[in-house]
Every structure is written in C-alpha cells, then in structure tokens.
Amino acid sequence: MMQNQVDQTDFHRARKRFGQNFLVDQNIIEKIVASIAPRREDNLIEIGPGRGALTAPLLDRCPNMTAIELDKDLAPILEQRFCQRYPDFTLFQGDALKTDFNRFAVPGRPLRIVGNLPYNISTPLLFHLLEYQHQIQDMHFMLQKEVVDRLAAAPATKAYGRLSVMVQYFCGVQPLFTVPASAFRPAPKIESAIVRLIPHRNSTCLAEDIKQFSKLVNTCFQLRRKTLRNSLKTFLTAEQLQQIPTDLSLRPENLSVFDFVELSNQVVALNG
C-alpha cells in the first residue's frame with residue numbers, strides 16, 4: 001500500500017452531521033475483528049467504513065466483502081486505498097438507512113453485517129436491518145454503550161423498553177465488550193460497546209401480526225408509567241379488555257418479550 005494513499009485519510013475531518021468518530025486504537029480493532037471472525041467465503045457487509053480502520057483487516061480475511069459509505073468525500077479515498085489491492089471488494093456510496101439489503105443476497109451465503117454505527121442513526125438503522133433478518137446470519141456493531149445496554153436489557157430494569165423488546169424478538173443479543181472514548185478520533189463524550197446480534201431461527205415465540213405487535217409495543221412504552229389497561233384502550237373496547245387474561249394492572253416494563261407476543265396475539269384474536 002502506497003504511503004500517500006494511507007495519509008490522505010488524515011486530511012479528512014470527522015463530520016458531526018454524519019456522527020463520525022474514527023476508530024484508531026489498533027488493539028481494539030484487532031479485538032473486534034477477532035470477535036467477528038470473518039472467513040474468505042463470507043458475504044460480509046460493512047456499514048460506515050469511515051477511514052477503513054476495520055475495513056483493512058476485514059479485507060485481509062474476506063477479500064470479496066462489500067462496504068457502504070455515506071460520505072461522498074470518504075468514498076473515493078476508500079476506493080483508492082482498497083479497490084486496486086482487493087479487486088473483489090465492492091464499495092457503495094450511499095445511505096445504509098435507504099439501502100435495500102436484498103441486493104446483497106447470495107444463495108447459500110447469508111449476510112454478515114458489521115459496522116461502527118453513527119450514534120445519531122443507530123436505532124433507526126437497527127430497525128431497518130431487522131426487516132432483512134431472514135437474510136442475515138449475524139451482525140456485529142459498535143454502538144453507544146447505553147444503546148447496547150438497552151438492546152440487552154431484561155424486564156423490570158430501567159433500560160428495558162421498546163428497543164429491547166423488538167430487537168430481542170428478532171435476535172439473540174450478546175454484548176461483547178466496552179470501547180473507551182480514547183479509542184476514537186475525535187474522542188466522543190460517551191463510552192461505546194460491541195454487540196453481536198444473531199437472528200432467531202425456528203422461534204416458537206411468534207407474533208401473528210408483526211405490525212400489530214410493533215404498534216402495541218410502541219404504544220405501551222410511550223405510556224410506560226401507565227398500566228397496560230391504559231395502553232390497550234387504543235386497541236380494544238372496555239368489553240374486550242375484560243376478556244384479556246393478562247394482568248392489565250402491570251406496567252409495560254414488567255412484561256417479557258414472550259408476554260408481549262402473547263398480549264399482541266390476544267388483541268389480534270379479539271379484533272379478528
């Protein structure tokens with residue numbers, strides 16, 4: 001790799017509107033790559049490669065990977081740095097939030113998605129990716145530690161909420177390790193963490209109407225200080241509420257993912 005190609009990334013300043021904080025700690029980079037354990041035959045997609053700190057070691061192990069970069073100034077730097085050395089590397093300049101991930105589908109090679117997700121779009125991007133969970137083998141993300149705590153939260157805890165229920169419905173959540181602010185340039189004001197998400201296969205906990213389930217969970221946590229009875233007034237009549245076997249004096253934070261699925265299915269049945 002030519003020295004002048006590497007040095008060009010030093011002239012690219014992190015952009016606040018893109019939520020850019022570039023990972024520079026080599027020990028952390030190696031630890032992340034080891035957690036991902038990429039293989040040559042993987043269908044690996046990196047979201048937001050930035051200056052390519054993770055891209056380089058990932059490409060060494062999976063030279064046919066794909067990267068999606070929003071920043072129009074970074075895209076040509078990444079192309080110059082990697083495309084000649086790795087002819088099977090594909091770079092898409094675009095917004096991952098608007099990307100149809102079906103375009104990367106290859107029969108027999110499920111998607112493995114990785115990325116240092118900007119804090120300002122992490123939650124909507126996670127919900128976008130959940131739409132493709134049947135195509136995905138696993139996901140490894142660097143996120144704000146607070147977000148990882150919410151992803152993995154158990155019922156009856158402060159961090160437990162809509163994000164916890166919806167992501168845990170679709171995926172197993174495995175927090176891996178924290179990443180200090182000093183590992184980035186510029187250093188953010190918060191800690192980050194690495195999380196592994198593995199979509200469920202053959203789950204016995206199934207919502208009969210996923211849109212209804214999502215709407216129910218969202219409504220309940222918008223009124224998280226209220227009882228379930230208050231939230232369910234949006235979906236059921238007073239007479240129908242009397243037919244719900246769930247204890248409606250509970251608050252949303254007291255229900256497990258399974259409980260929410262059961263409650264959603266009860267609402268669907270009553271409105272059928």
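Predicted model: local features only at pLDDT ≥ 70, side-chain atom pairs only at ≥ 80, totals over all residues.
Does alanine 37 count as buried, partly exposed or exposed, and at what relative accessibility?

Entry 1: I started with alanine 37, which comes out partly exposed at 43% relative accessibility. My cut-offs are relative accessible area under 20% for buried, over 50% for exposed and partly exposed in between, with a 1.4 Å probe and protein chains only. Its phi is positive, about 50 degrees, although alanine 37 is not a glycine. I found alanine 37 in the loop between α2 (26-36) and β2 (43-47). Helices (H or I, at least four residues) and strands (E, at least two) are DSSP runs, numbered from the N terminus.

Alanine 156 also has a positive phi, near 65 degrees. Alanine 156 sits in the loop between α6 and α7 and counts as exposed at 58% relative accessibility.

Residues are numbered from 1 along each chain as its sequence is written, and side-chain values use heavy atoms, leaving out hydrogens and water.

**Entry 2: cis peptide.** I looked at arginine 185 and proline 186, which are joined by a cis peptide bond with omega about -10 degrees. Proline 186 belongs to the loop between β8 (184-185) and β9.

Entry 3: In helix α7 (residues 162-170), 7 of the 9 residues are buried. Among them are Leu163, Met166 and Phe170. The partners of α7's buried residues include α5 (122-130), β7 (171-179) and α11 (257-270).

Of its 55 residues, Phe101, Ile113 and Phe141 touch the most other members. The largest share of this core, 6 residues, is from α7. Apart from it lies another core of 25 residues, including Ile32 and Phe89.

Beyond four places in sequence, phenylalanine 141 has contacts (heavy atoms within 4.5 Å) that include Ile113, Leu126 and Ile194.

**Entry 4: α8 on α11.** How do α8 and α11 pack, at what angle and how far apart are their axes? I get about 115 degrees, with the axes 9 Å apart. Axes are lines fitted to C-alpha atoms, for helices over the stretch in contact, with angles from 0 to 180 degrees between N-to-C directions. The pair is therefore roughly perpendicular, a class that covers 65 to 115 degrees, with under 35 roughly parallel, over 145 roughly antiparallel and the rest oblique. Residues meeting here include Phe213 and Leu216 in α8, and Phe260 and Val267 in α11.

Methods:
Core = buried A, V, L, I, M, F, W, Y, C linked by side-chain atoms within 4.5 Å.
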